[in-house]
Amino acid sequence: MVASATPARFPTGRTRARLAVVRAILGFLVLSATAVSAQDPSAITAAIQLDQAGYLSEAPKLAMVVAENRQRIFYLRRESDSEYVYANWLSDAQPDANSGDDVQIADFSDFAESGRFFLDIPEVGRSYAFQLGAETFRRPYYLAMRSFYGQRCGIAVDLGPEFPGYRYAACHTTGAYHDSSGKSGPRASAYGWHDAGDYGRYIVNSGITTGTLLMTHELFGPRLAGTSLNIPESGNGTPDLLNEIRWNLEWMLTMQDADDGGVWHKQTSTAFAAFVIPDKDLTVSQVIGTPRSPYKSSCASADFAAIMAMARRIYAPYDSAFAERAGLAAARAWDWLELNPYVTFNNPQGVSTGEYGDGDCSDERLWAAAELWRTTGSDAYHSHFLANYERFVASASTPSWPHMAPMALWTYALSGRESIDATARDLIGARVTQVANDLVDRIAASPYRTAMTSSDFIWGSNAQAANYSMLLLVANALSPDPRFPNASLENLHYLLGRNPFSVSWVTAVGSEWFKKPHHRPSAADGLLEPWPDLLAGGPNKDRNDNILLNLPAGLAPMKVWSDHPDSYSGNENAINWNAPLVFILAGALPDPPKPEPPPAPSAAPFRMGGR
Ligand code: G3I
Ligand code: 9MR
Ligand code: ZN
């Protein structure tokens, strides 16, 4: 008996009959022969690669096996008593170009029970235990979103009894205007999230991050309503997702020049901080500009306008005064942008923190126009969008910090506004569906069942995997198709352990997560485990740091990764990477039994001030 080359998602009738026999005979033999070794945790093998958090009962459930010792059959056992519950064929091994591995697939999609289980392959070993159920991703969601609390600047942070010792005092409380900003003297330095493993705050990266999180609320808010993030604001009547985002919005608002409405690019020290805990970094957090008039940059101002327009409509039911403040700020940033559309940013002399430089801000501007129109319905924004969107459609795929057109197109198509242009809506919808269909096919054809192509393995590749899934979920919102959410889960499984390293790339999620992020608090706090809930940048074939450069030559793209604290181009965390993780985890949660949607935003157009 030979396993089929491509395992059918569900065994065919004949396979089922053969399997029944196999289960009867081998199930009995293996039960008695390997129950002991299956219970023995030392039998856990990295050769069985699976989502260490687990799978949804209703979705496809695949694990990967990369072992010299080719086996034919795998068993599923209950964690509590190692009882055998299911068996199936392993697929033939298929060569995977991204990793260079020969991958066998263990498909247990037709096993629909809930609980904790592990896979057992005689002669290979057993897998980590994982969960099956509808709520599998509730805790990963909680952890991934709560990681933003752990990135807060300007306030004492304490993860509490759940993670004892993970805390720091209020940090970076001294702010100033850098010469390049066009202003001078001390200034506020409160609020915001540390960008990554460094302590800088950057408007451009805040833009995509906050936009992704606000979209999470707009698409999946009701699923999250019951999940407290256990943050200082919890219980104040506003959803915790919005409470956490507000911390960053308040910082972004401080970055708008009150004199003209433009927005500075970043607030950081002039060089990256030493590897110390946040409150021990005593460098001054400086507002850094272009460094000639007009000092503010177009990409930052456009991202800011988009975010504040979103905040205008999303916070209206919870805090109307704040929503109005955001709306006013958005309109002013847009007006500045009309006068200054082409001001790009490069690090001024003497500044070596992250650049987030982007030579073309027209996509960010498109996003601002789309969000402003979605919130206000105003013709001025609409005509900018309609005059400019078309050239972005044909190449639109996933967003990234320098490429925001996808977010612009998505929000336009999702707006639900009556004044929507039908041609634009249909063009965008067709493109999103086409890309989603292509991704579904690509995932199905890839032995590791990811959407990743070899060119995706660059700095932050894990976020690219998450963003592919985000696109699939947006496509599902535009035109529902169960293949889209199912495919989105496949990239998530890759991130949570179904990868050549058999590692969960999210700290504190799964059984064996990466341990040494390029994350200053984790490196400096003296605690054994890293801070929880951080997504690693992931494999990076460009090898932009010495750790990756020193790995063996000729590694396949998916293998260029090392769990080393100095590998900032593969093992750092970043807010714009954790954000799509939050989005896709929210997308993997069940709808609430009795849907209680948050109060709908008022149907009347919002006043943005001055318009
Ligand atoms: O856009 C090109 C693409 O066309 C090309 O195919 C590809 C091949 O290498 O490169 C792409 O450019 C990359 C660019 O990011 C856009 O994604 C660069 O190679 C790559 O070096 C660059 O990396 C950025 C890195 O900063 C260096 O500037 C990362 O995206 C960005 O996430 C990272 O951000 C840092 C901040 O500067 C500081 N804080 C930490 C944060 C995360 O590491
Ligand atoms: O710690 C920095 C990290 O946050 C950035 O992503 C990375 C790239 O800009 O730079 C890191 O800082 C390193 C610097 O670039 C080179 N010297 C060593 C620094 C710390 O490892
Ligand atoms: Zn700080």
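Author: By class, the residues around ligand 2 split into three nonpolar, one polar and three charged. This is a predicted model, with local features needing pLDDT of at least 70, side-chain atom pairs counting only at pLDDT 80 or more, and totals for chains, interfaces and linings using all residues. Residues are numbered from 1 along each chain as its sequence is written, chains are lettered from A and ligands numbered from 1 in the order in which they are written, and side-chain values use heavy atoms, with hydrogens and water left out.

Reader: What makes a residue count as part of the shell around ligand 2?

Author: The test is a heavy atom within 4 Å of the molecule. D198, F272, W459, H518, R520, Y568 and E572 surround ligand 2. As for the classes, Ala, Val, Leu, Ile, Met, Phe, Trp, Tyr, Cys and Pro are nonpolar, Asp, Glu, Lys and Arg are charged, and the others, Gly among them, are polar.

Reader: How do you know that H518 has a polar contact with ligand 2?

Author: A polar contact is a pair of N or O atoms within 3.5 Å. A polar side-chain atom of H518 is 2.6 Å from an oxygen atom of ligand 2, so the pair qualifies. E572 also has a polar side-chain atom 2.7 Å from a ligand 2 oxygen.

Reader: And ligand 1, what puts D195 in polar contact with it?

Author: A nitrogen atom of ligand 1 lies 2.9 Å from a polar side-chain atom of D195, so that pair passes the cut-off too. For D198 the distance to a ligand 1 nitrogen is 3.0 Å, and W401 has a polar side-chain atom 3.0 Å from a ligand 1 oxygen. Taken alone, ligand 1 exposes 780 Å², and the protein buries 61% of that (Shrake-Rupley method, 1.4 Å probe).

Reader: Why is the zinc ion (ligand 3) called tetrahedral?

Author: Its donors (N, O and S atoms within 2.8 Å of the metal, or 3.2 Å for Na, K and Ca) are C153 (SG), C171 (SG), H172 (ND1) and H194 (NE2), at 2.0 to 2.3 Å. Four donors count as tetrahedral if all angles lie between 85 and 135 degrees. Around the zinc ion (ligand 3) the angles are 100 to 117 degrees, so the arrangement is tetrahedral.

Reader: Which spacing do those donors follow along the chain?

Author: For the zinc ion (ligand 3), C-x17-C-H-x21-H.

Technical notes: Polar contact = N/O pair within 3.5 Å; in protein donor to acceptor, adjacent residues only side chain to side chain. Tetrahedral: all angles 85-135°; square planar, octahedral: opposite > 155°, others 65-115°.
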